[in-house]
Amino acid sequence: MALTLYVDTARWRAHHKHVLDQFPGLVPVCKGNGYGFGHERLAEEATRFGSDMLAVGTTYEAARIKDWFSGDLLVLTPFRRGEEPVPLPDRVVRSVSSVDGVHGLVGARVVIEVMSSMKRHGVTEQDLPQLHAAIEDVRLEGFAMHLPLDRTDGSDAVEEVIGWMDRLRAARLPLHTMFVSHLKADELVRLQQQFPQTRFRARIGTRLWLGDHEATEYRGAVLDVTRVAKGDRFGYRQQKAASDGYLVVVAGGTSHGVGLEAPKALHGVMPRAKGVARAGLATVNRNLSPFVWAGKQRWFAEPPHMQVSILFVPSDAPEPKVGEELVAHLRHTTTQFDRLVDR
């Protein structure tokens with residue numbers, strides 16, 4: 001009995017091809033929990049569709065994935081002096097976001113991140129004169145820009161990249177390769193047309209692995225079902241059942257990521273109103289679970305346990321049976337499955 005990720009493999013791979021066709025030279029990203037699929041599986045998929053480079057989040061991820069992927073590994077987290085050394089092969093390329101970082105990686109293969117409107121990390125225009133001398137001591141694989149997802153000020157992502165291309169060119173820095181994130185396919189075409197001597201490589205994770213929502217589905221197996229009457233006490237905290245119904249124990253708890261949620265940026269009145277309503281219900285121990293039964297998302301009977309969740313299903317709904325599976329609406333990047341099934 002498990003929390004299972006079902007993958008419609010043919011559909012999933014057809015989506016990969018669609019994205020790869022849109023973004024020639026794409027660098028697939030495999031970081032965190034492997035977008036819900038795991039590092040090993042995504043490394044296998046990247047090998048299958050012939051990628052020469054795979055981007056990972058950290059040096060620790062690179063150390064784990066190096067035996068599953070034989071091409072180059074691009075570490076996205078920038079190098080910092082004093083970081084714990086991790087033994088890595090020469091095919092690992094380090095990101096750098098400062099002149100000092102370049103000086104600290106003599107002889108290494110590096111990609112230099114420039115400061116975008118994300119304002120997360122990157123070299124600035126003022127750093128460029130010092131950078132020209134520093135790159136003589138490294139093997140420069142290219143520059144990189146990590147762009148924001150939303151542009152609420154109406155600015156143009158392509159123009160932002162062009163601005164940096166012009167600055168780098170004015171500083172007489174090599175522009176053979178530029179790695180970019182969060183550009184649309186038509187935006188990449190515009191850049192390639194304007195700078196035909198530069199190879200633009202899109203680093204893509206979410207759109208590649210999770211872009212077709214219908215290709216994957218989580219399901220939790222029902223482990224036990226107990227009938228309760230209104231007023232019956234149950235659970236760790238011995239709460240009272242609000243009405244007649246069933247306590248349904250389903251595979252999937254906090255160790256799987258059930259009940260955990262990343263903060264969301266809310267835009268508009270309605271999403272904010274829903275957020276306020278959910279917060280209000282939570283104060284009286286009413287929390288909606290991700291599990292669906294008989295067409296409705298069901299409430300947690302109490303907070304999820306480590307490996308299972310207990311749901312309350314009212315008596316006017318069909319009684320779940322042990323062994324049946326409940327669809328679960330879970331976020332891939334925060335979920336750890338028990339098993340993955342291709343179908």
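Trainee: Which of the 29 residues lining the second largest pocket lie nearest its centre?
Mentor: This is a predicted model, in which local features need pLDDT of at least 70 and side-chain atom pairs pLDDT 80 or more, while totals for chains, interfaces and linings use all residues. Residues are numbered from 1 along each chain as its sequence is written, and side-chain values use heavy atoms, without hydrogens or water. The pocket (an open set of points on a 1 Å grid over the protein atoms alone, with protein on both sides within 12 Å along at least five of seven lines; lining residues have an atom within 4 Å of a point) is lined by 29 residues. Those nearest its centre are K31, H146, L149, S181 and H182.

Trainee: Which elements give two or more residues to the lining of the second largest pocket?
Mentor: The pocket has a volume of about 830 Å³. Helices (at least four residues) and strands (at least two) are DSSP runs, and two such elements qualify here: β9 (199-204) and α8 (206-210).

Trainee: How many residues of each class line the second largest pocket?
Mentor: Asp, Glu, Lys and Arg count as charged, and Gly as polar. Accordingly, K31 belongs among the charged residues, and K31 lies among those nearest the pocket centre. By class, the lining holds 10 nonpolar, 10 polar and nine charged residues.

Trainee: How far apart are the end C-alpha atoms of residues 12-153?
Mentor: An unreviewed UniProt entry annotates residues 12-153 as "domain: Alanine racemase N-terminal"; such annotations may be inferred rather than shown by experiment. Over this range the chain is 28% helix and 20% strand. The end C-alpha atoms are separated by 35 Å.

Trainee: What share of the 343 residues in the chain is buried?
Mentor: The chain has nine helices and 18 strands, and its C-alpha trace spans about 75 × 45 × 40 Å along the principal axes. With buried taken as under 20% relative accessible area (1.4 Å probe, protein chains only), the buried share of the 343 residues is 47%.

Key
Buried means under 20% relative accessible area, exposed over 50%, partly exposed in between (1.4 Å probe, protein chains only). On a 1 Å grid over the protein atoms alone, a cavity is a set of points where a 1.4 Å probe fits but cannot get out, and a pocket is an open set with protein on both sides within 12 Å along at least five of seven lines; lining residues have an atom within 4 Å of a point. Grid points are joined across faces, edges and corners, and a volume is the space filled by probe spheres set on the points.
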